[in-house]
Amino acid sequence: KAEEKKGPLPEGAPTRLAGAPAEEAALLDGIGEVLPKVEAHLAAEAFEAAMGDLASLRAPVDAFFDKVLVNDPDPDARANRLRLLRQVTGAMGKVADFSLVTR
């Protein structure tokens, strides 16, 4: 949300950039594997299975935020990481509106 205040977020699919941290590659691979499964489960109205698939991203997401600087000084890396996070939140948003969850 903070990045949206700065201007439009980058559009498109994230890519594998040379020299990217392993945690970034792991999340990119994870979402690539999970997204088709989530979409298939949603088409079958198997919402619990879709949530289970999304839950499998917990470790890669945690590692990404622990080890990867999203706001990298390199504009290409920053844009790619924002695209990756948009893809993850988009997948989660297909199952539930997590913006309604409060602390």
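Q: What is the handedness of the crossing in which α4 passes α5?
A: In this predicted model, α4 passes α5 in a left-handed crossing.

Q: Why is α4 called roughly antiparallel to α5?
A: The axes of α4 and α5 cross at roughly 150° and come within 13 Å. Angles over 145 degrees count as roughly antiparallel, and that makes α4 roughly antiparallel to α5.

Q: Which residues of α4 and α5 meet?
A: From α4 there are Val61, Phe64 and Phe65, which meet Arg81, Leu84, Leu85 and Val88 in α5.

Q: How do you know that α2 and α4 are roughly antiparallel to each other?
A: α2 and α4 pack at an angle of about 150°, and their axes are 9 Å apart. The cut-off for roughly antiparallel is over 145 degrees, and α2 and α4 therefore get that label. Their crossing is left-handed. On the α2 side the contact is made by Glu23, Glu24, Ala26 and Leu27, and on the α4 side by Pro60, Val61, Ala63, Phe64 and Lys67.

Q: What makes α3 and α5 roughly antiparallel to each other?
A: Their axes cross at roughly 160° and come within 10 Å. With the cut-off at over 145 degrees, α3 and α5 are therefore roughly antiparallel. α3 passes α5 in a left-handed crossing.

Q: Which residues of α3 and α5 meet?
A: Ala50, Met51 and Leu54 in α3 meet Ala91, Met92 and Val95 in α5.

Q: Why are the buried residues of α3 said to be on the same side of the helix?
A: The buried residues of α3, which spans residues 47-55, are Ala50, Asp53 and Leu54. They cover an arc of only 100° around the axis, which puts them on the same side of α3. An α-helix has 3.6 residues a turn, so residues three or four places apart point the same way. The buried residues of α3 pack against α2 (22-43), α4 (58-67) and α5 (75-95).

Q: How do you know that Ala91 counts as buried?
A: Ala91, found in helix α5, has a relative accessibility of 1%. Buried means under 20%, so Ala91 counts as buried. Leaving aside residues up to four places away in sequence, Ala91 touches Ile31, Leu35, Val38 and Leu54.

Q: Which residues of the largest nonpolar core touch the most other members?
A: Val38, Leu54 and Phe64 do, out of the 21 residues in that core. α2, α3, α4 and α5 each supply at least two residues of this core. Its largest share comes from α2, with seven residues. In soluble globular proteins, nonpolar side chains tend to be buried together.

Q: Which residues does Val38 touch, not counting residues up to four places away in sequence?
A: Val38 touches Ala50, Asp53, Leu54, Ala91 and Val95.

Q: What does Val95 touch, not counting residues up to four places away in sequence?
A: Val95, which lies in helix α5, touches Val38, Leu42, Ala50, Met51 and Leu54. Val95 and Phe47 are 48 residues apart in sequence, and their C-alpha atoms are 7.0 Å apart in space.

Q: Why does Glu45 count as exposed?
A: Glu45 has a relative accessibility of 60%. The cut-off for exposed is over 50%, so Glu45 counts as exposed. Glu45 sits in the loop between α2 and α3.

Q: What makes Asp76 exposed?
A: Asp76 has a relative accessible area of 56%. Exposed means over 50%, so Asp76 is exposed. The place of Asp76 is in helix α5. Asp76 and Leu17 are 59 residues apart in sequence, and 8.8 Å apart in space from C-alpha to C-alpha.

Technical notes: Residues are numbered from 1 along each chain as its sequence is written. This is a predicted model: local features need pLDDT of at least 70, side-chain atom pairs count only at pLDDT 80 or more; totals for chains, interfaces and linings use all residues. Side-chain values use heavy atoms; hydrogens and water are left out. Buried means under 20% relative accessible area, exposed over 50%, partly exposed in between (1.4 Å probe, protein chains only). Helices (H or I, at least four residues) and strands (E, at least two) are DSSP runs, numbered from the N terminus. The arc is that of the directions from the helix axis to the C-beta atoms. Contact means heavy atoms within 4.5 Å. A nonpolar core is a set of buried Ala, Val, Leu, Ile, Met, Phe, Trp, Tyr and Cys residues joined through side-chain atoms within 4.5 Å. Axes are lines fitted to C-alpha atoms, for helices over the stretch in contact, and angles run from 0 to 180 degrees between N-to-C directions. Angles under 35 degrees count as roughly parallel, over 145 as roughly antiparallel, 65 to 115 as roughly perpendicular and the rest as oblique. A crossing is left-handed if the near helix is turned anticlockwise from the far one by less than a right angle, and right-handed if clockwise.
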